[in-house]
Amino acid sequence: MISRVEIQPGRYHDSVRLMQASKALQGVTGVADALVAMATELNLSLLADMGFDTDAASGAGPNDLLLAVRAETEDAITEARVALDSALTHRPASSGGLDVPPPKTAGSAGDVNGANIVLLSVPGEHAFVEAMEALETGRHVMIFSDNVPVAQEIVLKTYGAEHGLLVMGPDCGTAIVNGLGLGFANAMQPGPVGMVGASGTGIQQMCCLLDDAGAGVRHALGTGSHDLSEEVGAISTLQALAALDQDPATEVIVVISKPPAAPVAAKVRAAAAECSKPVVVTFMGENTLEEGAGEVLAHLGMDQPAYGSWPADQDDHRPGLLRGLFSGGTLRDEARFVASPQLGEIGKKEDDPGHTFVDYGDDEYTQGRAHPMIDQTVRIDRLIEAAADESVGVILMDVVLGYGANADPAPELAPEIMRATDAGVAVVVSLCGTRGDPQGRDAQARVLNEAGASVWLSNAAATREAVRLVTTRIST
Amino acid sequence: MTNLSNLLDTDPVVATAGTDMLADSIEQQGAAVSRADWQPPRAAAPALASLVADGRMPEANATAIERMLAVRPQLVDVQVARDVFAGMTDRTFLHAGPPLTWERASGPMRGAIIGAMLYEGLANDPDDAAAKAAAGEVELSPCHHHGAVGPMAGVTSPSMPVAVVADGAGDGISYSTLNEGLGKVLRYGAFAPEVIERLQWMDQVLGPVLGAVLRHRGPIDLQSLIAQALQMGDDGHNRNRAVTSLFLREIGAALVDGADAPTDQRLDVFTFIDGNDHFMLNLVMAAGKLGSDAAAGVPASSLVTVMARNGTDFGVRLSGTGDQWFTAPAPPVDGLYLGAFTEADASPDIGDSTITETVGLGGFAMAAAPAIVGFVGGTAAGAVRRTQAMYEITLAEHHAYQIPMLEFRGTPTGIDAARVVRTGVLPQINTGVAGKVPGTGMVGAGLVEAPIECFVDGINALAATVE
């Protein structure tokens, strides 16, 4: 074993760098012990403790660099000296600018860009804490997340109402604020219509119809599916209604929801009656979105058009039951409302007897996969099954376009629609989209139509067509 | 009903947490969006929710951090431990971190207790001291229970001189021992004769001379010195070279002609302080303790008032949970080592010096200390990143402690345990490393992250106070 002690006078390095250098030296093969340090009294005594000869360091002081190495060979000592020089001169590459770590909460993210809206899609059990932070920092919140306890929703909405902040959601899939679509939203021309909706696809269908009629929408404020429950008591709906009433750009207001509990419905109607602007209240189950759109257009002095359709002659389809394969819950509910006067009770579950309209956006079908507006796998599977099922005569399905939805849904569906129509099944599509949607509304319609489906922008109209088909070919 | 004017009248600016798809579709429309790198909390989600539902936490935290920032720590005197700590007997030894018994004590803690017993004349030799300590002949009590802090083992015995720091803006008082220097020193668990001799010199010369100097010249504004030092490359924990230099300037004149002591003693005091780059660490710590004590006891506040380690446990206290300690095993230090020492020689994390991180210094002020970036991957950018990350879990930016490299932004100050649990971002601590064998002394220095369990337990307990 060879020991070597050296002094390099006047070569100052801070202790941290020297500890790094010691570490580097100990990594050299053949080196047993190493000390690299300024020759302070402490370090000189450390040198002695380590069993080195201190004579070589006599007279050295705190401004002198002390190098001590114990190694098996002279080569190892030489290599250690090289390693030392490298460690003391090496400058790691700078990463460049003063990069800031990414924000970890929605509130921190909002601080970065001065956000006035926080959009949350974290798991429901964590949405409350994030949403409250957004409110406490003066921001409006849209909560896309579902499964937020209603008690937490009430805390959030009460706080929001007290502070002039809107809580859209939980379970709010769609909103448009000053022309910007949030969540699943269709591209809309800004215009005089303002919406308040407890239902995402309800808002989307209304947008689709108004857009086709040439009426624009500036704001569509989602409130979440529980807002009109008795517990929540329409806190957000009433806030949004009052705000739209005061908004100079809004001329007509439309409220969209499934039928709420009677006292809540009465409260909303009373608030609507107080407004200075016309308010159209569309509670599905009392009227259709198509009828609501007609009222809105009437207030604007516009006629209700024949909404866009791409017909197909399917009158000779095979007799059988009607299968509704929906991705939008509200579209499904509206279709049931339209169809049941003629078809009677329509099942909502796959194994219900008779005609069924199933919402594949329900939790039951979305475990571990994206919403069917994005991921069409399950519905395509059911389309194949229905075509193969001799008891089925007509398939009714929705296709929802817009931001957030599947980027190009029609080509995914077309081959199976073609197979179904070839097998004699009639396919009717309710296409919920606007002219400005990124998927290209008319191009999507043509692909579906060329595959053999009849395509309708009005969900009610699509349903009427499906009912007409199924009732004119009763099997004998 | 308030209208939602700033919702409908302004161009929407959106921040998101959750699926990227929603942020993507906003960008698709040509609007900018700020995305959170959101992660679910690893634990205590129900407790977080009940604290948020209770609603008092934001205001409680505002009150607590305001109190922490309002103190003006002044070094006023140096006295003797037995004279300042109420109830201190000849056999009372204060120590760092949460409460501890001899049985559970780490090597450096045992070494320091042995050393202090030798120094106090309570034992004849190290074995005798260990046997007596094991037999319960000394009473151990955390420094933090006495308004005091001690670096590393933090052992404070009755005869030791202690610095007295008073609040220039209130009536709080805090204490710390005086720093012995590096290497073989009591606080790192060393107890060799030279260690004991130094301690004796400190109570016979250093303490009395410094006390006289302070009484002669008047109090020293510690906050002002620390603020200057951050702009001279100190972090207040692992680097105290600048603040020690500033301190010598402060006392210079009074040391020359204000202390009634022989010239050789005054020279020894000057030389001792000049030769110890960490002399001011203990005083920076006492200044921190003054602020953290001022912030204690605000109901429903999740502000961290204490982070401290005893070499066995890492302990945390929150403002809203009073005297309760929340502990987890002290983690190992990711360190750089002196001489031939390696991590195999290292004791787990130890010391009250994490009081610096608790008040916005140390690891939280890393961006101010490019000279010690060797600890954080060797780049100044790494140091800046470390400080930047701490803004996510702190309640305020310090008004006095500023970081030049961040355009003089205040250091991230006042750890919010709720945000630690929510984000999983852990307090970053700069620290020294003690040898695990009693008597070894210092073996290195490095970085450590506070264990999340302490914060999770604290938040669960805080939630229990509001339910």
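In this predicted model, strand 3 of chain B pairs with strand 9 (residues 220-221) of chain B in the antiparallel sense, over 2 bridges. Within this pairing, L75(B) stands opposite I220(B) of strand 9. Strand 3 (residues 73-80) of chain B also pairs in the antiparallel sense with strand 7 (residues 161-167) of chain B, here over 7 bridges. L75(B) takes part on this side as well, standing opposite V165(B) in strand 7 of chain B.

**The interface between chains A and B**

The contact involves 80 residues of chain A and 71 residues of chain B. Together the two chains bury about 6,200 Å², of which 64% lies on carbon and sulfur atoms. There are 27 residue pairs in polar contact across this interface, both residues at pLDDT 80 or more. On the side of chain B that touches chain A, the residues divide into 39 nonpolar, 22 polar and 10 charged.

Strand pairing also crosses from one chain to the other. Strand 4 (residues 117-120) of chain A and strand 1 (residues 14-17) of chain B pair in the parallel sense over 4 bridges. In chain A, V118(A) stands opposite A15(B), a residue of strand 1 of chain B.

Helix 3 (residues 45-54) of chain B has 7 of its 10 residues buried, so it is largely enclosed by the rest of the structure. Those buried residues are A45(B), A47(B), L48(B), A49(B), S50(B), L51(B) and V52(B). Their cover comes from both chains: it includes helix 5 (124-136) and helix 6 (150-162) of chain A, together with helix 4 (57-70), helix 15 (417-423) and helix 16 (452-466) of chain B. After helix 3 of chain B comes G55(B), whose phi is positive, near 85°.

**Salt bridges**

Over all chains, the whole structure contains 44 salt bridges, and 5 salt bridges cross the interface of chain B and chain A. Selected pairs are listed below.

| Salt bridge | Closest N to O distance |
|---|---|
| R422(B) with E133(A) | 3.0 Å |
| E345(A) with R336(A) | 2.9 Å |
| R241(B) with D277(B) | 2.8 Å |

R81(A) is partly exposed, at a relative accessible area of 29%.

For the pair of E345(A) and R336(A), E345(A) is exposed with a relative accessible area of 68%, whereas R336(A) is buried at 17%.

In the salt bridge of R241(B) with D277(B), R241(B) belongs to helix 10 (residues 241-257) of chain B and D277(B) to the loop between helix 11 (263-274) and helix 12 (281-294) of chain B, so the pair ties together parts that are 36 residues apart in sequence. R241(B) is partly exposed at 37% relative accessibility, and D277(B) is partly exposed at 33%. Elsewhere, salt bridges that share partners join E130(A), E133(A), E392(B), R419(B) and R422(B) into one network.

**The surroundings of T394(B)**

T394(B) is found in strand 15 (residues 394-403) of chain B and is buried, with a relative accessible area of 10%. Its side chain reaches the backbone oxygen of M390(B) at 2.9 Å. Leaving aside neighbours within four places in sequence, T394(B) is in contact with F364(B), P412(B), T413(B), G414(B), I415(B) and D416(B).

Key. Residues are numbered from 1 along each chain as its sequence is written. Chains are lettered from A and ligands numbered from 1 in the order in which they are written. This is a predicted model: local features need pLDDT of at least 70, side-chain atom pairs count only at pLDDT 80 or more; totals for chains, interfaces and linings use all residues. Side-chain values use heavy atoms; hydrogens and water are left out. Contact means heavy atoms within 4.5 Å. Buried area is the accessible area (1.4 Å probe) that two parts lose on being put together, summed over both. A salt bridge is a side-chain nitrogen of Lys or Arg within 4 Å of a carboxyl oxygen of Asp or Glu. A polar contact is a pair of N or O atoms within 3.5 Å; within protein, one must be able to donate a hydrogen and the other to accept it, and residues adjacent in sequence count only if both atoms are side-chain atoms. Ala, Val, Leu, Ile, Met, Phe, Trp, Tyr, Cys and Pro count as nonpolar, Asp, Glu, Lys and Arg as charged, and the others, Gly among them, as polar. Two strands pair if DSSP finds at least two bridges between them. Buried means under 20% relative accessible area, exposed over 50%, partly exposed in between (1.4 Å probe, protein chains only).
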